[in-house]
There are 4 protein chains.
Amino acid sequence: MNINTLGEARFPSPLPFHVSDKSRVLSNVIVNPDVPVSEELLLEVAGPRERLFFDPKHTRAGIVTCGGLCPGLNNVIRSLVLELHHGYGVREILGFVSGYQGLDPWRGSEPIPLTPEFVEDIHKEGGTELNTSRGPVDISVAVDNLIRRKVDILFVIGGDGTQRGGEAILREAQQRGHALSVVGVPKTIDNDVAFVSRTFGYVTAVEEAVKAINCAHTEAHSVHNGISLVKIMGRHAGFIAAGATIASQDVNFTLVPEVPFVLEGEDGFLAALKRRVLKRAHAVILVAEGAGQHLFGPGDDQYDASGNLKSKDIGNFLRERIEAYFKAEDIPNTFRYFDPSYLIRSVPASAEDAILCDFFARNAVHAAMAGKTGLVIGFQHDTFTHVPIELITSRKKQLDLNSPAWLGVLASTGQKFAQFAV
Amino acid sequence: MNINTLGEARFPSPLPFHVSDKSRVLSNVIVNPDVPVSEELLLEVAGPRERLFFDPKHTRAGIVTCGGLCPGLNNVIRSLVLELHHGYGVREILGFVSGYQGLDPWRGSEPIPLTPEFVEDIHKEGGTELNTSRGPVDISVAVDNLIRRKVDILFVIGGDGTQRGGEAILREAQQRGHALSVVGVPKTIDNDVAFVSRTFGYVTAVEEAVKAINCAHTEAHSVHNGISLVKIMGRHAGFIAAGATIASQDVNFTLVPEVPFVLEGEDGFLAALKRRVLKRAHAVILVAEGAGQHLFGPGDDQYDASGNLKSKDIGNFLRERIEAYFKAEDIPNTFRYFDPSYLIRSVPASAEDAILCDFFARNAVHAAMAGKTGLVIGFQHDTFTHVPIELITSRKKQLDLNSPAWLGVLASTGQKFAQFAV
Amino acid sequence: MNINTLGEARFPSPLPFHVSDKSRVLSNVIVNPDVPVSEELLLEVAGPRERLFFDPKHTRAGIVTCGGLCPGLNNVIRSLVLELHHGYGVREILGFVSGYQGLDPWRGSEPIPLTPEFVEDIHKEGGTELNTSRGPVDISVAVDNLIRRKVDILFVIGGDGTQRGGEAILREAQQRGHALSVVGVPKTIDNDVAFVSRTFGYVTAVEEAVKAINCAHTEAHSVHNGISLVKIMGRHAGFIAAGATIASQDVNFTLVPEVPFVLEGEDGFLAALKRRVLKRAHAVILVAEGAGQHLFGPGDDQYDASGNLKSKDIGNFLRERIEAYFKAEDIPNTFRYFDPSYLIRSVPASAEDAILCDFFARNAVHAAMAGKTGLVIGFQHDTFTHVPIELITSRKKQLDLNSPAWLGVLASTGQKFAQFAV
Amino acid sequence: MNINTLGEARFPSPLPFHVSDKSRVLSNVIVNPDVPVSEELLLEVAGPRERLFFDPKHTRAGIVTCGGLCPGLNNVIRSLVLELHHGYGVREILGFVSGYQGLDPWRGSEPIPLTPEFVEDIHKEGGTELNTSRGPVDISVAVDNLIRRKVDILFVIGGDGTQRGGEAILREAQQRGHALSVVGVPKTIDNDVAFVSRTFGYVTAVEEAVKAINCAHTEAHSVHNGISLVKIMGRHAGFIAAGATIASQDVNFTLVPEVPFVLEGEDGFLAALKRRVLKRAHAVILVAEGAGQHLFGPGDDQYDASGNLKSKDIGNFLRERIEAYFKAEDIPNTFRYFDPSYLIRSVPASAEDAILCDFFARNAVHAAMAGKTGLVIGFQHDTFTHVPIELITSRKKQLDLNSPAWLGVLASTGQKFAQFAV
């Protein structure tokens with residue numbers, strides 16, 4: 001699967017080590033003679049190339065961060081800047097401010113010149129020094145601006161919608177005849193990007209979620225019939241919920257988008273919760289924000305500024321249903337609701353995520369300097385790759401219900417799978 | 001101010017060091033010839049006494065924890081048990097379960113025999129191993145139970161209402177002719193107990209609140225016109241809010257129960273917030289749960305199971321008013337609401353609080369073994385004291401608006417005091 | 001690559017999901033037409049099997065932890081016990097105490113019966129509840145003991161030497177005709193095990209190492225010409241040093257076993273350090289304990305109780321050489337030495353490591369119950385595998401100098417590779 | 001006890017609240033008719049004064065940090081700058097670099113102009129942004145420099161020797177007729193300053209020390225006969241050791257400078273340690289660096305650059321003696337030595353210390369602006385005070401062996417006092 005390039009790479013790389021453009025990563029690593037072979041998708045291996053399309057002395061790069069906060073954004077910005085500056089000798093780097101708004105000179109502030117001094121300590125803070133926002137930009141205006149400012153490379157840090165925006169910018173630039181490299185770094189705290197086994201920020205989010213679960217467990221465990229309900233991120237995928245469940249080992253029920261469940265009746269969630277509370281006098285429930293959407297009636301769909309369908313509020317829905325159920329069953333209890341998402345996503349990256357950010361960012365620079373465009377950096381089977389934007393945005397990753405992650409959830413919670421069914 | 005005793009202390013103390021019963025702590029430590037002298041209140045200095053009323057070999061003690069969670073409850077339980085066991089040789093210690101309910105044999109579970117093995121590692125966890133609950137117990141039933149179980153000493157860990165309950169139990173026991181020592185350890189995460197300069201759990205709460213404020217600051221600071229509102233504990237007093245403001249230095253507005261404020265108008269809070277946001281493009285507001293109660297109309301008063309008037313929901317009130325105000329003023333912004341109280345109060349005690357818990361608990365044991373009764377351990381001017389229950393529950397501590405704490409809040413936030421007035 | 005089994009698996013698995021015995025993981029996932037193909041090594045995919053060799057009702061398992069501490073040991077013990085107990089219904093689980101010593105009834109204590117209650121909270125503490133020790137056991141005595149105690153399965157948590165010990169025990173048991181399943185969980189904080197992309201405890205160690213580096217950086221940065229030298233784990237491989245360098249971004253020189261270096265002369269380390277200090281007035285050096293062994297003369301080799309060659313003390317060696325060099329060069333400086341290894345390896349596992357431990361442990365149980373023996377659980381390309389003991393102990397993993405990890409070190413430190421050579 | 005002033009305070013304070021110059025804090029707060037009254041020392045209450053000696057528009061202040069690192073240095077610098085700038089309107093603030101060296105234009109770098117922007121985030125980092133050093137400065141040269149730079153106020157953050165240096169500078173300035181206010185903020189992580197119940201950084205140090213003790217305990221507890229020895233700060237006073245012991249509850253022997261002890265013989269420390277290890281199979285020892293100095297022979301005294309007598313190396317001394325003793329007694333054991341001091345003192349201030357720093361700093365500014373000079377800010381009985389430099393440097397604070405702190409150590413460790421004697 002080749003990546004588009006802007007043209008012949010004529011400049012020698014200043015770096016001592018190079019990856020061949022012919023290296024590919026297999027998509028299927030498990031073989032079984034009894035199982036039909038899936039289609040093999042060979043992705044380019046990321047890394048420094050021997051020759052560059054852009055002459056570093058005359059290259060100008062831009063960086064933009066979009067969407068919700070995620071631990072590690074500043075690490076990515078920092079490593080992009082340092083690799084451009086120290087690795088290749090690029091001296092002109094612009095930080096567009098407040099997401100895609102910042103590409104529009106009528107709506108955004110002036111971009112920030114990014115230097116090693118500016119980024120020196122930013123990785124020690126959460127959030128993003130470039131600010132972020134949701135929502136699109138007028139593509140034509142944005143490309144006018146990029147051309148006017150002579151931007152050769154645009155690094156786009158964001159989720160699905162953001163990467164699609166990058167592709168639209170690239171197409172418009174191509175139509176204008178402007179040789180623009182658009183290279184994405186995938187950002188989703190939910191870890192639900194296809195072709196990326198682990199997105200940056202995810203491990204930190206799990207670590208922080210475990211702290212919240214510890215508190216929820218302590219609250220439930222320090223009273224008679226304590227019930228703690230923790231809502232966590234995860235619109236389409238339950239990776240954070242699953243990871244936090246296994247790491248914590250104190251969760252008794254884990255509800256994720258991939259596994260619809262029955263609420264009422266003897267086999268339903270509420271009855272299972274009752275049995276648990278009567279038996280052990282306390283319970284902790286962890287629910288991903290996108291779980292249980294089938295429990296809501298049709299209608300009332302809402303979209304955020306980025307155009308994503310908003311999850312309906314399963315946290316408060318469950319809260320009300322649980323409280324009503326235990327009242328009807330006349331079981332005295334102490335119920336506590338935890339909604340720690342903003343406390344989780346705004347912390348600095350953990351060491352593991354800091355490392356991941358560094359790898360994503362430096363590989364993005366390598367790809368861009370070689371003149372590749374229209375790609376997002378992927379990460380699979382321990383290897384960083386180049387993934388075409390349209391491919392990576394064409395699917396989403398969800399929990400494999402036969403993976404160690406989901407089996408580990410079932411083992412750790414002891415929740416009976418038979419109790420839940422569509 | 002003498003403390004009641006159960007009778008002559010005839011048994012020698014096994015401890016090597018003793019505090020005289022005649023030692024008193026001054027209540028006024030600041031003198032000024034121009035200022036009339038306040039009434040001097042001389043409190044007994046706490047500590048081991050030379051002679052004991054109870055013979056350790058034949059003494060049985062009980063411990064009960066009541067009300068909301070607070071970091072350090074397990075530390076207090078542990079040090080009570082270890083001082084009784086190792087310090088005095090008391091071998092019979094009962095942990096009553098689930099607060100005052102546990103004193104009622106018809107409602108509670110069987111008490112837990114407390115040993116050094118049982119408490120070995122409990123201080124490393126938040127919550128309370130004895131469980132807790134709100135609400136009173138039938139005093140007559142409780143005293144029947146204490147007499148039947150031959151409990152000589154009852155250690156009561158809890159707030160105002162709990163300590164008053166301890167006094168009622170004591171009076172009933174006296175009427176029955178049962179020599180019961182009731183010794184309280186003051187518990188309020190709000191730090192609003194008179195005669196106690198710092199209650200256990202308060203420092204930990206401030207430390208955790210600062211973490212939440214850091215997140216709120218990052219959220220506000222990573223978007224254009226970000227506004228973060230953090231609600232924190234503090235029903236009658238703003239000590240946690242003040243401490244967290246000064247420690248964090250990232251709060252722009254601190255609202256506490258002691259300082260009513262105007263919401264509307266040019267001098268009001270909303271206009272001040274607008275000016276801040278227009279000038280700096282982000283703002284962090286910290287509100288104690290008991291602040292702004294004057295903004296609610298009369299009626300609708302609600303009480304918790306302990307009989308405390310519940311604060312009206314200033315967090316969500318402000319949230320709605322701020323969102324409406326900025327909408328009316330047509331100032332785009334990103335608003336985030338943080339409600340971290342349960343995440344704060346359920347963590348283990350910090351080192352500083354662990355030390356405080358140890359001191360409170362061991363002094364409580366010393367007082368009880370000497371036969372003192374009807375007191376709560378106080379802490380003022382770096383000295384632990386004996387305070388009669390009726391004295392300590394007769395008043396509450398609030399922020400002194402001329403103290404370094406409140407002046408530090410004004411200096412750190414820069415909020416203009418003139419903007420707020422009843 | 002098939003794994004030995006004890007015989008026909010006749011009992012149905014109680015688990016709902018199974019992995020086929022025919023599934024294999026590719027060892028080579030990168031292809032390049034210009035590069036000759038490496039030998040392909042097909043490892044069994046780990047996971048629950050459809051049929052069991054052991055009847056859970058009549059199975060007795062043993063667990064032993066050996067060698068140095070590593071974050072996550074208690075997590076592994078706990079998940080082994082819970083998977084055996086809840087997953088399969090095995091009720092007899094013995095925890096042998098103090099490593100291989102515990103297999104020798106003449107030297108060790110009585111084994112501990114392991115139950116869900118015993119392991120309930122152990123994962124929240126560092127260290128190992130089963131204790132550990134270095135050094136071998138008399139194989140014949142150990143197998144006598146295992147036979148006498150009717151142990152069917154032995155889980156061995158430890159490094160190279162420990163796993164070789166497991167193989168010896170297995171061979172002896174085979175000779176005696178005792179059907180023993182020996183399944184290893186690889187334990188090395190250094191992350192240097194072949195066929196395992198990440199060992200448990202490694203991520204936690206990096207996280208903790210970064211904290212120590214932060215302190216070292218602060219010390220160096222708060223004085224004029226501050227030099228901080230931090231010695232970290234890594235006998236044969238620099239993974240911790242590399243990870244911590246990239247995560248921290250504050251290290252200026254990273255020295256690892258894989259890259260010998262010249263100390264003296266204009267191209268040497270000392271001169272490079274001098275240039276750095278004169279230019280920036282502070283420097284942080286991170287050295288893996290196994291780095292620079294070529295700088296020591298022959299002789300004086302020492303071995304630990306496990307028979308591993310001890311690294312010579314590169315930390316104090318460099319300390320002396322740096323201090324002497326700067327004295328000779330007459331450059332005033334403040335030198336600080338940090339040796340945090342015991343503070344790093346004794347903490348509880350981070351969330352990420354806790355998850356990894358759970359996966360390793362449950363897969364070990366699945367393998368053992370299916371009657372497989374003489375294997376260690378591996379982890380490559382995001383997949384858990386079965387690796388024959390003799391294969392996994394036949395090689396060691398080291399830093400690939402063309403991997404993102406080492407390139408990231410060079411990029412982050414800016415240390416010039418040309419300065420170092422054998 | 002009056003503080004010297006530079007002259008009439010003629011300028012009105014811009015602050016809304018003031019403390020009277022006549023307010024005094026009692027030094028004795030405990031009374032007992034049987035105990036003779038100690039001499040009463042009435043210290044001035046700190047706080048903003050109604051009238052200022054310096055006209056803020058024309059005032060220039062300098063700040064210098066000296067000696068070893070301590071958590072909170074940056075907080076103090078920051079609050080000094082913000083109170084001067086926002087509180088009083090002082091616009092000229094110089095940060096002298098690298099301790100007293102920075103006062104000497106021939107040795108130090110140019111001072112840094114300190115602004116609210118410069119100090120914005122410095123409190124989130126450990127160390128000192130102004131750098132520090134040990135050792136004196138030529139007083140005459142320093143005063144020349146202060147006069148030439150028109151510095152009116154010098155804030156001196158440091159320990160004993162540093163404060164004495166401040167006094168010498170003040171005397172020299174007085175002789176030259178330069179109206180200089182010298183105000184000290186006491187800095188000692190050991191918490192051994194008289195007239196200061198708690199110095200900044202101390203609470204953070206205890207918190208970090210507890211983490212190291214946890215690791216030491218885990219190491220000792222995970223092997224048979226594990227012995228962990230932790231050396232901690234405390235040259236003349238055992239406050240950190242005592243606090244960490246009580247907070248941790250995992251220390252079995254605490255050795256402090258205030259309590260000399262016998263090493264050999266049946267009543268000695270080594271025999272007590274042996275009994276503990278034989279009984280419980282593990283032990284943790286915490287030793288303050290200044291403990292056990294009586295065990296060293298005379299001679300070999302060394303002094304640091306500040307002129308302080310260096311403690312002899314009790315950590316390695318005990319290490320050798322313990323290892324030799326257990327070898328002689330033929331008791332196999334695993335011994336670990338921990339020396340975490342540099343990892344402790346370089347972290348950022350905890351919330352509690354951050355608050356303390358803010359109070360110390362703002363009170364220092366109030367004192368200086370009122371024209372007071374030759375004082376250090378004290379803190380006793382919950383009140384900040386003005387203490388003459390010569391008074392505060394004339395004595396040291398040590399552990400009171402009848403205080404809750406030392407009694408808590410004895411209770412928590414169970415170490416028998418009778419075993420130790422001079």
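User: A crossing is left-handed if the near helix is turned anticlockwise from the far one by less than a right angle, and right-handed if clockwise. Which is the crossing of α5(D) and α6(D)?

Analyst: Right-handed. This is a predicted model, where local features need pLDDT of at least 70, side-chain atom pairs count only at 80 or more, and totals for chains, interfaces and linings use all residues. Residues are numbered from 1 along each chain as written, with chains lettered from A and ligands numbered from 1 in written order.

User: At what angle do the two helices pack?

Analyst: About 55°, with axes 9 Å apart. Here α5 is residues 202–221 of chain D, and α6 is residues 239–248. Axes are fitted to C-alpha atoms, over the stretch in contact, and angles run from 0 to 180 degrees between N-to-C directions. Helices are DSSP runs of H or I, at least four residues; strands are E, at least two; both are numbered from the N terminus.

User: Which residues of α5(D) meet α6(D)?

Analyst: Among them are D:Y202, D:A205, D:V206 and D:I213. In α6(D), their side of the contact includes D:F239, D:I240 and D:G243. Contact means C-beta atoms, placed from the backbone, within 7 Å.

User: New topic. How many residues does chain C bring to its contact with chain A?

Analyst: Chain C gives 47, and chain A gives 47. On the side of chain C, α10(C) has the largest share, seven residues. Other contributors include α1 (73–88) and α12 (404–413) of chain C.

Note on methods: Contact = placed C-beta atoms within 7 Å.
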